[in-house]
Amino acid sequence: MSGAAERGAMELTRENYYSIEANRAYMSNSQWGDWQKCEAAARAQHVIGGDPDRPGTVTDAGGYCPPDKDYFVLGRWMHEMVLQSPGWRQAADDLSHLTLGRSGVMRLKKGDWNQSGELCQRMLKRWQQETDLHGLLAGEKEVMLTGSIAGIPWRCAIDSLDVPRRLVGDLKTPRSVAADWVNTRLDSWADGSPKRVKVPWYEVHNYPRQLAGVYRYMAWLHTGEWLDPTIVAIVKYPEPVVRAYGWSEEQVKARGEWELERIKERMPRVVAVRDGDAEPTRCGECQYCRITDRSYGDVMVDELAEVAP
C-alpha cells in the first residue's frame, strides 16, 4: 500500500487513471463523494482495495470492490465515441463487448446490438445532429491534471479543456434531466441538518462541486485562467435529447468557493480515516455495510454477551 510520501508522485495514464494505485496516490471528485457517503466503504475500496475479478465482494483483508454497473459502461462508451481521444476506436469496441454476469452490456450473444446498445446508437446519432453544440466539447480531450487541494494531492480528467475559449466542457449521459429530491446542506436548517429539497438533476450527484469547484480550480492551477464550466448532457430517453448547461461567472465563483471550503473543512477527518488514525463511520445502508453487518437488531448492550458468538 502506498505511503504518504508516495502520494502525488504517480504518473497518470489512460490505462492506470482508475486503478487502486491512482486512488491511493490521489484524491478525486468521485472518490471524495464516496468518502462523504460511507467512510467504511470508501476506505475498503480506495485504501485497502478489493478484488476486481470479484466485484461486489469483500476480501479476507477487508478490501471492497463495488459491483459493475451497466450505466458506467454505456457512459464510458459514449465518451469514447463523442470525445474520440487517442485509442478511442479500440476502447469503444472493447466496451461494447463487455459482459456483466451472463449478459452483454451492449450486445447480444450473436454480436448484434441489444436494447442498451441500440439506445446508445440513437444517442450518438442525436449528438451528431446537434452540430451547434459541438463547440462546447471542441477543446483538448480528456486532459489529466494533478494539483493540491487542502494540502492533499488531487487528480481530475477534464473531458474538454478549451483555454482560448475559456471553457471546461463535461459530457454527461443521465437517464433524465428532470428535477429530483435530495438532502442538501446548501439550504440547511438552523441546526445545520440538511433540508429535503427539489433540485435540478445536476445537483443530485453534485456536479457543481466537480466542475465549479474541483475542475475549475485545477484548471486554474495549470493555466492561470478561471474558465467557465459547461455540461453537455446526452439524455438516455427512448428518444434521446441533447442539452447544454452553464452558469454566470458570479454563480460559478460563489459555488466553487463554497465547495472548496467544504472540502477543506472535512479533509482532516478523511485523512485521519484514510491513514488509519481514526475509525471509519458506517452508513449502514450501502452494499459494503450490508455485507459486513454485525448488528443484532434492537438488543440491549448488556444482552450482547448472550447472543454474540
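The questions below concern helices, their packing, and several individual residues.

Q: What kind of model is this, and how are its residues numbered?
A: This is a predicted model, in which local features need pLDDT of at least 70 and side-chain atom pairs count only at pLDDT 80 or more, while totals for chains, interfaces and linings use all residues. Residues are numbered from 1 along each chain as its sequence is written, and side-chain values use heavy atoms, with hydrogens and water left out.

Q: Why is L124 called buried?
A: Buried means under 20% relative accessible area, exposed means over 50%, and partly exposed lies in between (1.4 Å probe, protein chains only). L124 has 8% relative accessibility and therefore counts as buried. This residue lies in helix α6, residues 115-129; helices (H or I, at least four residues) and strands (E, at least two) are DSSP runs, numbered from the N terminus.

Q: Which residues is L124 in contact with, leaving aside its neighbours within four places in sequence?
A: They are W77, M78, M81 and V82, where contact means heavy atoms within 4.5 Å.

Q: Why is T13 called partly exposed?
A: T13 has a relative accessibility of 29%, so it counts as partly exposed. The residue is placed in the segment before α1 (20-25). T13 and M144 are 131 residues apart in sequence, yet their C-alpha atoms are 8.0 Å apart in space.

Q: How do you know that the length of α4 agrees with expectation?
A: The expected span of a helix is 1.5 Å times one less than its number of residues. For the 14 residues of α4 this gives 20 Å, and the end C-alpha atoms are 20 Å apart, so the two agree.

Q: What makes α4 mostly covered?
A: Ten of the 14 residues of α4 are buried, among them V73, W77, M78 and M81. The buried residues of α4 pack against α5, α6, β5, β6 (152-162), β7 (167-172) and β10 (228-235). Q84 follows α4 and has a positive phi, near 55°.

Q: Why are α4 and α5 called roughly antiparallel?
A: Axes are lines fitted to C-alpha atoms, for helices over the stretch in contact, and angles run from 0 to 180 degrees between N-to-C directions. Angles under 35 degrees count as roughly parallel, over 145 as roughly antiparallel, 65 to 115 as roughly perpendicular and the rest as oblique. Helix α4 (residues 70-83) and helix α5 (residues 88-96) pack at an angle of about 155°, with their axes 9 Å apart. That angle makes α4 roughly antiparallel to α5. Here V73, R76, W77, E80 and M81 of α4 meet W88, A91, A92, L95 and S96 of α5.

Q: Why are α3 and α9 called oblique to each other?
A: The axes of helix α3 (residues 39-48) and α9 cross at roughly 60° and come within 10 Å. The two helices are therefore oblique to each other. On the α3 side, the contact is made by E39, R43 and V47, and on the α9 side by R269, V273 and R274.

Q: How do you know that α9 bends, and where?
A: The bend at a residue is the angle between axes fitted to the seven residues ending there and the seven starting there. At R266 in α9 this angle is about 45°, and a proline, P268, follows within four residues. Helix α9 (residues 249-274) has 26 residues and reaches 35 Å from its first C-alpha to its last, close to the 38 Å expected.

Q: What makes the phi values of E142 and N206 worth noting?
A: Most residues other than glycine have a negative phi. Phi of E142 is positive, near 45°, and N206, also not a glycine, has a positive phi of about 55°.

Q: Why are E142 and N206 called buried?
A: E142, in strand β5 (residues 140-149), counts as buried because its relative accessibility is 14%. N206, in the loop between α7 (201-204) and α8 (207-223), has a relative accessible area of 16% and is therefore buried.
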